[in-house]
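Good morning, colleagues. I shall present one structure today, beginning with a pair of strands and ending with a few individual residues. Please keep the sequence and the model in view.

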Amino acid sequence: MSGMSAIMGVMQNAARKAARGLQRDFGEVETLQISRKGPSDFVSRADKKAEEVIHEQLSYARPGYSFLMEEAGEIEGTDKSHRFIVDPIDGTTNFLHGIPHFAISIALEREIDGNPRELVAGLVYNPITDDMWFAEKGRGAYINDGTRGGADRRLKPSQRDLFSDCIFSTGIPFKGKPGHAKYLKELHQVMGTSAGVRRFGAASLDLAWTAAGRYDGFWERGLKPWDIAAGVLIAREAGLQVESLSDGDVMDTGDIIVTNDTLLPMLKDRVT
Ligand code: IPD
Ligand code: CA
Ligand code: CA
Ligand code: CA
């Protein structure tokens, strides 16, 4: 058992509540009033509705806490030392195409010892598969997928050390974005020397699946805090290395690499 704290209970309830709307809307995409925020960056009524439900639930349980949310942006509360970071649908393109690979991502950061950016709790929830991935600082990372009598199971990342046996996950920057050509070279390098590369379109799930050992590692550039906040904590608590591919903290750069100690230099060598 994970011995989940009260705040994790609050976050999971909020995610499960918002998930009901997403489960309903998943089959009814035609009615969702889709708009485009940028090339291949869509937003629908479902994203906004889910975000509202999560915001309502969390602010009811923890009045005053601040928020950073993908659709509504920054909402400053009276308590600036606690901030929820929310992506109501990570993998919107999958959601809108009827691909059951998307997730709600909720993280909580807290100011600890003057460090305002300490991630203390995070969850990634796929409403279709009912997989709840979660972690709290210092308590390990877990999945609850309703099996084994509903018990939480501790995540075990990959121990592989032979690059040619490994499968990596990534995200591809849009054509025309800076770094696209360089990225294709990296992809070529990793594909040519590993057992394969996957690109499933939801960074939060890429991180959770890496924490669970389904992938041996993950890298992507240009991600936002709401894409990675929960997944970063889950990966770290599972025992993986999480680093930034460029100068600065990964939560600021969004340029992320995650894998085990042995594979880290090997993957880095190919993607930097
Ligand atoms: C996207 C997903 C995707 C990543 C994109 C993100 P969204 O989030 O995480 O895997 O490659 O960069 O924007 O827009 O579906 O929440
Ligand atoms: Ca988006
Ligand atoms: Ca996202
Ligand atoms: Ca999103």
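S169 has F218 as its bridge partner in β13. The structure is a predicted model, in which local features need pLDDT of at least 70, side-chain atom pairs count only at pLDDT 80 or more, and totals for chains, interfaces and linings use all residues. Residues are numbered from 1 along each chain as its sequence is written, while chains are lettered from A and ligands numbered from 1 in the order in which they are written.

Helices and strands here are DSSP runs, H or I of at least four residues for helices and E of at least two for strands, numbered from the N terminus. Strands are said to pair if DSSP finds at least two bridges between them. On those terms, β11 and β13 are paired in the parallel sense, with three bridges. β11 also pairs with β12, residues 196-198, again in the parallel sense and over three bridges. There F168 has V197 in β12 as its bridge partner.

Helix α8, residues 263-271, comes next. Which of its residues are buried? They are L263, L267 and V271. A residue is buried if 20 or more other C-beta atoms lie within 10 Å of its own, exposed if 12 or fewer, and partly exposed in between, with C-beta atoms placed from the backbone. These three lie on the same side of α8 because they cover an arc of only 50° around the axis; the arc is that of the directions from the helix axis to the C-beta atoms. P265 and D269, on the other side of α8, are exposed. The buried residues of α8 pack against β11 (167-170), α4 (180-193), β13 (217-220) and β15 (256-259); contact requires C-beta atoms, placed from the backbone, within 7 Å.

The protein is divided into domain 1, residues 6-154, and domain 2, residues 163-271, with bounds that come from an automatic or database domain assignment. Their C-alpha centres are 21 Å apart. Across the boundary, 32 residues of domain 1 are in contact with 23 residues of domain 2. On the domain 1 side, β3 (65-69), β5, α3, β6, β7 (115-126), β8 (131-136) and β9 (140-144) each supply at least two residues. Which element gives the most to that side? It is β7, with six residues. By class, this side of domain 1 has 17 nonpolar, nine polar and six charged residues. Here Ala, Val, Leu, Ile, Met, Phe, Trp, Tyr, Cys and Pro count as nonpolar, Asp, Glu, Lys and Arg as charged, and the others, Gly among them, as polar.

**The shell around ligand 1**

Both domains take part in the shell around ligand 1, each giving at least three residues. A residue is near a molecule if its C-beta atom, placed from the backbone, lies within 6 Å of it. Of the 14 residues around the ligand, D90, T92, G171, A203 and D227 come nearest. β5 and α3 (92-96) each supply at least two residues of this shell, and the largest share, three residues, comes from β5. The shell divides into four nonpolar, five polar and five charged residues.

β5, residues 79-90, and β6 run antiparallel and are joined by seven bridges. β6, residues 103-112, is mostly covered, with seven of its ten residues buried.

**Individual residues**

Most residues other than glycine have a negative phi. D130 is partly exposed, with 14 other C-beta atoms within 10 Å. R148 likewise has a positive phi, of about 50°, although it is not a glycine. R148 lies in the loop between β9 and β10 (153-154), and it counts as exposed because it has 9 C-beta neighbours inside 10 Å.

Not counting residues up to four places away in sequence, E136 touches S5, M8, V120 and A121. From Y183, E136 is 47 residues away in sequence and 33 Å away in space, C-alpha to C-alpha.

Definitions and conventions. Two residues are in contact if their C-beta atoms, placed from the backbone, lie within 7 Å.
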